[in-house]
Amino acid sequence: MDARALRRHFVAGLLLGFRVVWPIFSVLLGLVIALGLVVGLLEGWSVHESIYFAFVSGLTIGYCDLAPTSALTRALAILIGVCGVVLTAIVAAVAVKALTAATDAGKE
């Protein structure tokens, strides 16, 4: 199978996979944003800073430019991190499944 056909099969598998997991993915994404806004509200951050903090924490990047100070907001930050790890795992699982399906289609 040529590279163009492999890419086409991969993208088709990726779209199909995201169509299947979209309800779970969107709930987790909304949860990360909502928890980030709650942390930002409790810490006195702006909406932009709160969403930025949520995604930096959720993707486990952690630049440390914004850090929660109270025990409650730190616990919420841990929940954001767990949701972010699950989101990353879902993306990786869908990509691996799509790549496996694309390479198996090339063997036929």
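Analyst: Happy to! A helix here is a DSSP run of H or I with at least four residues, and helices are numbered from the N terminus. Please keep in mind that this is a predicted model.

Let's look at helix H1, which covers residues 3-43. Its 41 residues would reach 60 Å in a straight helix at 1.5 Å a residue, but the end C-alpha atoms are only 50 Å apart. A bend of about 65 degrees sits at Val21, and Pro23 follows within four residues.

The structure holds three aromatic pairs. In one of them, the ring centres of Phe18 and Phe25 are 5.8 Å apart and the planes lie at 70 degrees, so this pair is edge-to-face. Phe25 is buried, with a relative accessible area of 14%, whereas Phe18 is partly exposed at 24%.

Further along, the buried residues of H1 include Val32, Leu35, Gly36, Val39, Gly40 and Glu43. Two of these names return when we turn to Thr73, a residue of helix H3 (residues 71-107). Leaving aside residues up to four places away in sequence, Thr73 touches Val39, Leu42, Glu43 and Pro68. With Glu43 there is also a polar contact between the two side chains, at 2.7 Å. Thr73 has 0% relative accessibility, so Thr73 counts as buried.

Finally, just after H1, Gly44 takes a positive phi of about 85 degrees.

Terms used: Residues numbered from 1 in each chain as written. Predicted model: local features only at pLDDT ≥ 70, side-chain atom pairs only at ≥ 80, totals over all residues. Heavy atoms only, no water. Helix = DSSP H or I, 4+ residues; strand = E, 2+ residues; numbered from the N terminus. Buried < 20%, exposed > 50% of the residue type's maximum accessible area, 1.4 Å probe, protein only. Polar contact = N/O pair within 3.5 Å; in protein donor to acceptor, adjacent residues only side chain to side chain. Contact = heavy atoms within 4.5 Å. Expected span 1.5 Å × (residues − 1). Bend = angle between axes of the 7 residues up to and from the residue. Phe/Tyr/Trp six-rings, centres within 6.5 Å; stacked < 30°, edge-to-face > 60°.
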